[in-house]
Amino acid sequence: MDAVQQEATARARELQRSWYGEPLGALFRRLIDDLGLNQARLAAVLGLSAPMLSQLMSGQRAKIGNPAVVQRVQALQDLAGQVADGSVSAAEATDRMDEIKKTQGGSVLSNSGQTTTSSGAPTVKRVVREIQSLLRSVSAAGDIIDAADSLAPSHPELAEFLRVYGAGRTADAVAHYESHQN
């Protein structure tokens with residue numbers, strides 16, 4: 001790989017970090033490990049071709065262009081967490097992955113079963129990820145930061161919201177969300 005390709009790959013991974021919270025290679029490898037998948041199965045569940053998944057993982061491509069695929073990634077992340085905490089068995093996870101594969105995306109704040117608490121309310125993390133996904137589907141992180149900088153003098157709270165949810169890490173956005181409830 002020459003210097004130009006290395007620079008482009010590093011830039012793509014940095015964009016992925018700002019859009020998705022981490023480079024997609026790391027995110028996808030974790031899903032593969034946590035859910036017992038291979039790359040071909042992950043690509044199939046997400047609705048991506050195997051070459052596209054490979055390009056996203058390697059940093060040859062930066063962005064997932066289809067919002068439904070982004071929602072499937074988030075659903076798989078939620079599922080991996082449920083498998084890790086023991087609330088979903090391996091067999092149930094396989095069934096859930098088949099359900100996730102069939103989803104076409106939809107309302108950003110939809111209340112499907114795997115995104116809610118036992119009381120039926122969406123989890124804080126899910127709400128935060130949906131807000132992040134929506135913002136990031138509208139504009140690139142750099143543009144969101146530019147907009148936040150423009151708003152900061154007259155609307156600092158709105159600028160903070162854009163920075164945290166549009167270009168920040170999910171954990172920081174969850175903390176922001178929780179600090180602004182009641």
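**A walk from A62 through the helices**

Let's start at A62: once you set aside neighbours within four places in sequence, A62 is in contact with A12, L15, Q16, W19, Y20, L24 and L56. Keep in mind as you look around that this is a predicted model. You'll find A62 in the loop between α4 and α5. Is A62 buried or exposed? Its relative accessibility is 16%, and buried means under 20%, so A62 counts as buried.

Now have a look at the helices α3 and α4. Two packed helices are described by the angle between their axes and the distance between the axes. For α3 and α4, the angle is about 105° and the axes are 9 Å apart. An angle of 65 to 115 degrees counts as roughly perpendicular, and α3 and α4 are therefore roughly perpendicular to each other. Which residues make the contact? On the α3 side they are Q39, L42, A43 and L46, and on the α4 side A50, L53 and M57. Sort the residues of this contact by type and you get 6 nonpolar, 1 polar and no charged.

Some of those names come back in the largest nonpolar core, which has 33 residues. The members that touch the most others are F28, L42, L46, I64 and L76. The largest share, 7 residues, is the contribution of α5. Zoom in on F28 and, leaving out residues up to four places away in sequence, you'll see it touching L42, L46, L53, L56, M57, I64 and V73.

Apart from that core lies another one, of 10 residues, including A148, A159, L162 and V174. Two of these names, A159 and L162, take us to helix α9, where they are buried along with V164, Y165 and G166. Helix α9 covers residues 156-167, 12 residues in total, and reaches 16 Å from its first C-alpha to its last, close to the 16 Å expected at 1.5 Å a residue. What do the buried residues of α9 pack against? Their partners are α1 (3-20), α7 (124-138), α8 (141-151) and α10 (170-179).

Definitions and conventions: Residues numbered from 1 in each chain as written. Predicted model: local features only at pLDDT ≥ 70, side-chain atom pairs only at ≥ 80, totals over all residues. Heavy atoms only, no water. Helix = DSSP H or I, 4+ residues; strand = E, 2+ residues; numbered from the N terminus. Expected span 1.5 Å × (residues − 1). Buried < 20%, exposed > 50% of the residue type's maximum accessible area, 1.4 Å probe, protein only. Contact = heavy atoms within 4.5 Å. Core = buried A, V, L, I, M, F, W, Y, C linked by side-chain atoms within 4.5 Å. Axes fitted to C-alpha atoms, helices over the stretch in contact; angles between N-to-C directions. Parallel < 35°, antiparallel > 145°, perpendicular 65-115°, else oblique. Nonpolar A, V, L, I, M, F, W, Y, C, P; charged D, E, K, R; others polar.
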